There are 2 protein chains.
Amino acid sequence: MPSEFDLITRFFTRPAQGEGAVQLGVGDDCALIAPPPHESLAVSSDMLVEGRHFLPGADPKLLGHKALAVNLSDLAAMGAKPICFTLALSLPAVDDAWLAAFADGLFALADAEQIVLIGGDTTRGPLTICITVLGHVPFHAALRRDGAHVGDDIWVSGNLGDARLGLELLTHHRSLAAHHADSALLRLHCPTPRVSLGLALRGIASAAIDISDGLMGDLGHILQRSALGASIEADALPIGTALRSQDRQLQLEFALNGGDDYELCFCASPSQREKVLAASSTAGVAVTRIGTIEPIAGLRIIDLDGTQLPIRSHSFDHFALS
Amino acid sequence: MPSEFDLITRFFTRPAQGEGAVQLGVGDDCALIAPPPHESLAVSSDMLVEGRHFLPGADPKLLGHKALAVNLSDLAAMGAKPICFTLALSLPAVDDAWLAAFADGLFALADAEQIVLIGGDTTRGPLTICITVLGHVPFHAALRRDGAHVGDDIWVSGNLGDARLGLELLTHHRSLAAHHADSALLRLHCPTPRVSLGLALRGIASAAIDISDGLMGDLGHILQRSALGASIEADALPIGTALRSQDRQLQLEFALNGGDDYELCFCASPSQREKVLAASSTAGVAVTRIGTIEPIAGLRIIDLDGTQLPIRSHSFDHFALS
C-alpha cells in the first residue's frame, strides 16, 4: 500500500501553474499565498460524510466535483473571488481508480474556476471529505447575511427543488420520466456554484446566502442575522424543470425545504432591480424576484390571493435526520 | 436533537474578541479576515480520525487540545504567526458533555495562542476532526523544507520518543513506572506546538519541518525537497525523559521513528549557532544539535565510533498501518 505522502504526490500534486496569489503549494508544512492587499480574505470549510451527504457507492468523479462545488458556493454567497483550497480526505482503502476519478472531477471544476489545490491530508478511515476554500473580496463589498433592509426585494438564482427530487429518486424510488430523472440527478450530483453571479452582485445585493439546506431555512438565517421578517410569493418561486412534472404541493415543499440547491438567495433594494438583472445577464444566471423583506419577524409563504400557506421551515439538517 | 446551527451556536460561538485580523467570524457563509499586508498567508489542514489518530473513547478535552495543537505545529514549522482556524467536526451523536469538554480543550489552547475560531461545520458521522489553521509570515522569512544547504547543522527542539512510548502503553500494555507512564501519556495526548520557537528562528533556520511522523521520515522530506543527504549522531539525540528508562535500542527506535512528537527539526548554518541558542532561550524551548547536512543522498545514523547503524526509516504512516 503506498504511503500517505505518495498518495498526495500521485493524485493531488500538479505542475505549478504560476498563479500569482499562490506562492508555495502542496509539499511543505503550510502553503503560502499572497492575497490581494487591501481586500479581505474569505474562508469557509465544509465536511462531506458518506451516508449523510452522499450515498455509499457515489460516483467518485461527481463527488470530486460536488465536494469543491459546495465550498465554492459559500464563496459565491459572499461575493468573493476564489483563490485556492485545501483537501483533507479520509478513505477506507487506497483505490487507484476511485482516486483518479475523484481527482478528475475535483480538478475539472478547479480548472474551470482557475483555483489551485494548495495542501492536502490523506488518511485511512470512513470516507470523509473536508475542503477549505479561500477567496478574496473588498471588505465593504462582501455579501453578508446581516445586511437586509425592510422593503428589499428577495431574489433567488436558477431554480429550486430538483436536487431534492433527485434524492427522492435514489432513496424512495419515485418514478419519473427518464429525461426528468436525468435532470434531477444532475442537479443533485453536479451543482454549479454561482461564483460569477456573486461577483456581479457586489455593491448591488444587501445580503446573500447560498441555499444548501432549503430556501426557508437559509433565508431564515438572513432574517435572523438582519433581525427582520419576510414574505415569499409561492407562485413566484422558480420551480426546477423536473419538479414541474409533479403536483403543486410537492413543488412548493421541495422548492422551499428541499436542500442541495446551491443557488443564491439574496436581497436588494427595489432601486437596484435593473442592476440585479444586468448582473444576472453578465453572469449568465437567471434570477427571479420571489418576495419582500418586512419588519415583522418570521417568514410567510403567501398564495396568489394573499392568504398565508401553512408551510413551515424544516430545512435539511444533518443532525436532525435519523 | 438540536439542529446543526444550534450546535455551532451553543458550543463554538464566542463573544467577538476584537482581534484586529478577524473582521467577521462564525455565522456567515464565509469568515472574513485581514492578514497583515505585505506578508504571506500560511495555510494548513489536518484531519484526525477516531481509531487512526486517536483511540476510541479518547478524553474529549485532550482531543480538543491535540486537534488544534497538531495544526499549530505546522504553522510553527513554517515560522508563521497563527491568526485563526476553522473546525469541521463529524460526530456519531450530539453529546453535550463531550462537546463541552472538547470545546474547553480547544479554546484553552486557542486562547493561549491568541487565535480565534472563525468558522465551523458540524455533521453526524464517524468521529472525525478537520482543522484548517491560518497564519502569517513574511514570504522570505518562511521556514521551508527546501532551503537546507550542505554543511548546515541539524537541530531538534525538546526531546523525542515519549509520545510513541505513551502509545505503546495504551496499545501493548507495556509496564512502566507510574511517573514515566504519566509523562509519556502527557506527551502523546497533549503536545505543545513550538510556535514561539518557529517565530524566533525566522531568518536563522534555513529549513524546518515539524516531527509528526517520526524524525527520520520527516527529516527525509527536508532532504528530498533540498536534494541533499544527512548524518545524524545517534548519541546526540535528545531522548524523552520517560523513554530514557528503556533500553538503548528502543530509545533509538522511538526517537528516530516514533511519531506524534510535534517537535521542530530544523537546519541552520554553523555560523548561526549562537543565534539558534538565543532563539531557543527566547522561546523557552531547548534545542539540540544532532547532525549535519551532506551532499550525498540518504540519511545515515552514526554511532560514537563513526559506524553507520542499521536503522531504517519506517515512519508512522496512516495508510501503512493496517
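Across the boundary between the two chains, Ile33(A) stands opposite Leu41(B) in β3(B), and strand β2 (residues 31-33) of chain A pairs with β3(B) in the antiparallel sense over 3 bridges; strands are taken as DSSP runs of E with at least two residues, helices as runs of H or I with at least four residues, and both are numbered from the N terminus, while two strands are said to pair if DSSP finds at least two bridges between them. The model is a predicted one, in which local features need pLDDT of at least 70 and side-chain atom pairs count only at pLDDT 80 or more, whereas totals for chains, interfaces and linings use all residues. Residues are numbered from 1 along each chain as its sequence is written, with chains lettered from A and ligands numbered from 1 in the order in which they are written.

In the contact between the chains, 58 residues of chain B meet 58 residues of chain A, a contact being counted when the C-beta atoms of two residues, placed from the backbone, lie within 7 Å. The most is given to the chain B side by strand β3 (residues 40-49) of chain B, with 9 residues.

An open sheet of mixed pairing is formed by 6 strands in the order β5(A)-β4(A)-β6(A)-β3(A)-β2(B)-β1(B). Because β5 (116-124) of chain A and β1 (22-24) of chain B stand at its edges, each with a single partner strand, one side of each is left without a neighbour in the sheet. Within this sheet, strand β3 (residues 40-49) of chain A and strand β6 (residues 128-137) of chain A pair in the antiparallel sense over 10 bridges, and Ser45(A) stands opposite Thr132(A) in β6(A). Helix α2 (residues 60-78) of chain A packs on the sheet, where it touches β3, β4 (81-91) and β6 of chain A, and its direction makes about 30° with that of β6(A); axes are lines fitted to C-alpha atoms, for helices over the stretch in contact, and angles run from 0 to 180 degrees between N-to-C directions.

In chain B, strand β4 (residues 81-91) is mostly covered, with 10 of its 11 residues buried (20 or more other C-beta atoms within 10 Å of the residue's own, C-beta atoms being placed from the backbone). β4(B) pairs with strand β6 (residues 128-137) of chain B in the antiparallel sense over 9 bridges, the bridge partner of Ser90(B) in β6(B) being Thr128(B). With strand β5 (residues 116-124) of chain B, by contrast, β4(B) pairs in the parallel sense over 8 bridges, and the bridge partner of Phe85(B) in β5(B) is Leu117(B).

Key
A residue is buried if 20 or more other C-beta atoms lie within 10 Å of its own, exposed if 12 or fewer, and partly exposed in between; C-beta atoms are placed from the backbone.
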